Amino acid sequence: MCDAHLRGPSGIITSPNFPIQYDNNAHCVWIITALNPAKVRLPESGVSESCGQVPVRERSIHLLIPNPFHHNPTPQNCLPPSLVIKLAFEEFDLERGYDTLTVGDGGQDGDQKTVLYILTGTSVPDLIVSTHHQMWLLFQSDSSGSSLGFKASYEEIEQGSCGDPGIPAYGQREGSRFRHGDTLEFECQPAFELVGQKSITCQKNNQWSAKKPGCVCK
Ligand SMILES: [Ca+2]
């Protein structure tokens with residue numbers, strides 16, 4: 001009853017009954033699929049939005065002297081960007097060790113080879129970003145002991161990004177780029193102490209090298 005195929009560009013996923021306790025023996029699968037950017041119709045000029053960044057002169061050359069070896073004169077960098085799925089949790093509370101939410105890359109739900117995280121307990125997980133245009137989620141509860149469940153939002157983002165991890169409460173961040181290789185530095189306001197990593201880097205697997213740090217009272 002709780003299975004769903006979801007589409008981009010964004011939406012909300014909650015455990016069954018949320019914010020009331022989920023049922024025992026639940027088994028729910030969600031598959032999120034980004035809208036296929038290749039199917040987006042180009043404007044009449046034949047120039048897509050990302051193509052608009054190409055200098056006019058370069059575009060003219062392509063239009064005036066089509067490469068005889070290619071049927072499609074569209075320059076490579078005019079192709080629309082690939083999209084991946086970003087999952088951000090707002091609330092999370094599952095019976096630790098017994099009830100789990102498994103998050104995987106791609107559209108083959110339950111495929112152990114594609115598992116990104118198996119989540120349980122009460123800490124709100126950090127951002128998760130897929131490397132494909134699909135992400136699957138599997139929620140399973142056992143036969144006893146229930147909790148409030150989870151609420152997460154999903155969003156399509158451009159491939160090559162780890163997504164915006166946010167800024168810790170009572171803290172500040174240096175850096176506002178979230179693409180592969182980008183680093184963010186965090187600092188806390190006076191009277192607060194940084195817990196976690198002071199700097200995190202966006203890795204090639206679309207995950208930050210560590211969780212966003214927190215700021216706690218000294
Ligand atoms: Ca349980």
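1. Start with the middle: the largest nonpolar core has 32 residues, and I85, L87, L101, V103 and L137 have the most contacts inside it. Such a core is a set of buried Ala, Val, Leu, Ile, Met, Phe, Trp, Tyr and Cys residues joined through C-beta atoms within 7 Å. Buried means 20 or more other C-beta atoms within 10 Å of the residue's own, with C-beta atoms placed from the backbone.

2. A word on the model: it is predicted, with local features needing pLDDT of at least 70 and side-chain atom pairs counting only at pLDDT 80 or more, while totals for chains, interfaces and linings use all residues. Residues are numbered from 1 along each chain as its sequence is written.

3. I85 touches I32, A34, S130, Q134, M135, Y154 and E156, leaving aside residues up to four places away in sequence. Contact means C-beta atoms, placed from the backbone, within 7 Å.

4. Now the sheet: four strands form an open one in the order β2-β9-β4-β7, with antiparallel pairing. β2 (10–14) and β7 (128–129) are at the edges with a single partner strand each, so one side of each has no neighbour in the sheet. Pairing takes at least two DSSP bridges; β4 (residues 83–93) and β9 (residues 149–158) are joined by 10.

Key: Helix = DSSP H or I, 4+ residues; strand = E, 2+ residues; numbered from the N terminus. Buried ≥ 20, exposed ≤ 12 C-beta atoms within 10 Å, placed from the backbone. Contact = placed C-beta atoms within 7 Å.
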